Every structure is written in C-alpha cells, then in structure tokens.
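Hi,

Here is the structure I said I would pass on.

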Amino acid sequence: MKKLVFLTGAGMSAESGISTFRDSGGLWEQYPVEAVASIQGYERNPELVQRFYNERRAQLSSVQPNEGHRLVASLEKDFDVTVVTQNVDDLHERAGSHKIIHLHGELMKATSSRNPNDPKCIVTLPADNPVIKMGDKAKDGSQLRPFIVWFGESVPMIASAIDEVAEADILVIIGTSLNVYPAAGLLNYANLQCRIYLIDPKDVPYDQTLGVHHIKKGASEGMKELCELLRK
Ligand code: OAD
C-alpha cells in the first residue's frame with residue numbers, strides 16, 4: 001500500500017462552521033492571538049484563556065465533520081493514511097480517520113499547567129460538559145489547563161510528523177496558510193519521489209521547486225478532485 005500523508009489546517013474544518021484564524025473574519029481578528037494562544041497570555045490571565053477554550057469546546061460539540069474529512073478517512077481503503085493536523089478539533093476522528101497526529105494539541109483534552117506534556121496528567125474532558133474551571137486540578141496538583149500547544153511552547157509531536165512526511169509517497173496539504181512553524185516546514189521533509197498536492201481556494205506561499213499540484217478549491221470539492229486523480 002502506498003503511504004499517503006495529509007497535513008491539514010483550519011481550512012479543513014471551515015466548511016463544518018469552525019472559523020479559520022487568518023482569513024478575514026478569522027479568530028485572530030476577534031481575539032488577540034497573544035492573549036489567548038500564548039503561554040505568556042495564559043500566565044497573565046488564565047481565566048480569560050480558560051473561557052476562550054471553554055467556548056471553543058461548546059462550539060465543537062455543535063458541529064459535524066464535512067465531506068472533506070469523510071473523503072480523507074475513506075482513502076484508508078486503498079492507502080496507508082496518516083493525518084498530521086494543526087487542528088485541535090476532533091473532526092478527523094469523528095469522520096473515521098484512525099492515525100492522526102495532533103501537532104497543536106486537542107481541544108477535548110486537559111492537562112497540567114506545571115508539565116503539560118506529562119502523559120500521566122493528560123485527561124479527556126467529559127463530552128457532555130467539556131469545561132475547565134479555575135480550581136480544577138491535574139493529577140500533579142497544578143491547575144488543569146487546555147491541552148493546546150501555545151505560541152512559545154515546544155511542539156513535541158513534530159518529530160513523529162517529520163518521520164511520516166519523510167516516508168510519504170503522496171503528501172496532501174489542505175487548508176493551511178503555512179504561516180506557523182514548525183508545521184509549515186514539514187513539506188521540506190518530503191522525499192524527491194513524493195507527489196505533493198495542495199487543496200486551498202487561495203494561493204499559499206511554498207517553495208515552487210517542490211512541484212506542488214495546487215487544486216484551487218475548498219476542502220470538500222478539492223478532496224473529490226483529489227480522489228479522482230488518485231484513482232487514475
Ligand atoms: P489559517 O487561518 O492561517 O489558514 C487557513 C487556510 O485555510 C488559508 O490558506 C485559507 O485560504 C484556507 N481555507 C479557507 N477556507 C477553506 C476551505 N473551505 N477549504 C480549504 N481551505 C480553506 O490556519 P492554519 O494555517 O491552520 O495554532 O493556522 C495554523 C495555526 O495558527 C493554527 O493551528 C493555530 C493558529 O494560531 C494555535 O492556535 C497554536
């Protein structure tokens with residue numbers, strides 16, 4: 001089986017009704033990114049940050065995976081598929097994908113404020129009340145915080161993601177502005193034989209020498225076109 005690796009970003013979930021970050025009307029226009037998505041922001045005002053992610057979780061329970069997520073999962077019939085995602089939602093999981101690397105954490109999980117990457121402290125929040133309150137404690141006694149990789153923090157899953165991309169026969173990038181490192185650098189690890197596709201309605205900056213095939217469509221329509229191309 002050929003190895004197919006997806007690298008997905010906020011545009012993957014846009015058609016499910018989750019805002020992207022940097023498009024006009026995106027989340028970072030409504031909220032200052034350094035206030036709600038940096039470790040300094042959390043240390044300055046943890047209540048505000050907890051409220052922001054509690055709201056994101058409430059929104060997540062009201063949305064569904066879209067056709068794009070479902071088509072990504074359906075390719076597991078014919079390919080050895082890995083999804084590397086910058087998204088913290090669980091829509092790839094809910095669409096049926098099995099091998100998913102979350103580079104920037106997972107919204108439905110919580111962890112320790114003292115040692116966020118300690119596996120003993122990472123817990124899944126209850127689906128019927130996915131809320132973290134100030135005073136809720138992690139296993140190590142510290143305040144429970146969102147299991148999100150914020151700006152200023154390390155990205156522990158990047159090493160596994162690099163290994164996956166380096167072995168890919170086909171790499172498909174969907175709905176990311178490729179602004180945030182180290183995720184944006186992942187396509188540089190593709191081997192010379194790897195075919196690279198990009199699905200995004202807009203132009204995205206990438207190294208032109210990589211020979212990327214740009215499908216200039218949204219995630220669902222773009223995935224339909226990709227499935228046709230892969231069938232040939
Ligand atoms: P961005 O908001 O930067 O980029 C979204 C991309 O999706 C853009 O290139 C859009 O053109 C594209 N897009 C919009 N609608 C689409 C659709 N229907 N189908 C396909 N593509 C569409 O989001 P990311 O690149 O994911 O990190 O952002 C990377 C990281 O920055 C996020 O993981 C987040 C943020 O700060 C953290 O919060 C830690």
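One cut-off before the rest: a residue counts as buried when its relative accessible area is under 20%, and as exposed when that figure is over 50%. Also bear in mind that this is a predicted model.

You will find Asn-66 in the loop between α5 (46-60) and α6 (67-74). What does the side chain of Asn-66 reach? It goes to the backbone oxygen of Met-12, at 2.9 Å. If you set aside the neighbours within four places in sequence, Asn-66 is in contact with Met-12, Ser-13, Glu-15, Ser-16 and Ser-220.

Helix α1 covers residues 10-14 and gives the most to the shell around the ligand, with 3 residues. As for Glu-15, an N or O atom in its side chain is 2.8 Å from a nitrogen atom of the ligand. Arg-22 also uses its side chain: an N or O atom there sits 2.7 Å from a ligand oxygen. With Phe-21 it is the backbone instead, where a polar atom is 2.8 Å from an oxygen atom of the ligand. How much of the ligand does the protein cover? On its own the ligand has 800 Å² of accessible area, and the protein covers 93% of that.

The shell as a whole has 23 residues, and the ones that come nearest to the ligand are Phe-21, Arg-22, Thr-176, Ser-177 and Asp-200. By type, the shell splits into 9 nonpolar, 9 polar and 5 charged residues.

As a reminder, a disulfide is a covalent bond between the sulfur atoms of two cysteines. Searching the whole structure turns up 0 of them. Take Cys-194: the nearest cysteine sulfur belongs to Cys-227 and is 17 Å away, and Cys-194 is in no disulfide. The cut-off for a disulfide is a pair of cysteine sulfur atoms within 2.5 Å. Seen from the other end, Cys-227 is in no disulfide either, and its nearest cysteine sulfur is that of Cys-194. Are these two buried or exposed? Cys-194 has 8% relative accessibility, so it counts as buried. Cys-227 is buried too, because its relative accessible area is 8%.

Best wishes

Definitions and conventions. Residues numbered from 1 in each chain as written. Predicted model: local features only at pLDDT ≥ 70, side-chain atom pairs only at ≥ 80, totals over all residues. Heavy atoms only, no water. Buried < 20%, exposed > 50% of the residue type's maximum accessible area, 1.4 Å probe, protein only. Near = heavy atom within 4 Å. Polar contact = N/O pair within 3.5 Å; in protein donor to acceptor, adjacent residues only side chain to side chain. Areas by Shrake-Rupley, 256 points an atom, 1.4 Å probe, with all protein chains shown as cover. Helix = DSSP H or I, 4+ residues; strand = E, 2+ residues; numbered from the N terminus. Nonpolar A, V, L, I, M, F, W, Y, C, P; charged D, E, K, R; others polar. Contact = heavy atoms within 4.5 Å.
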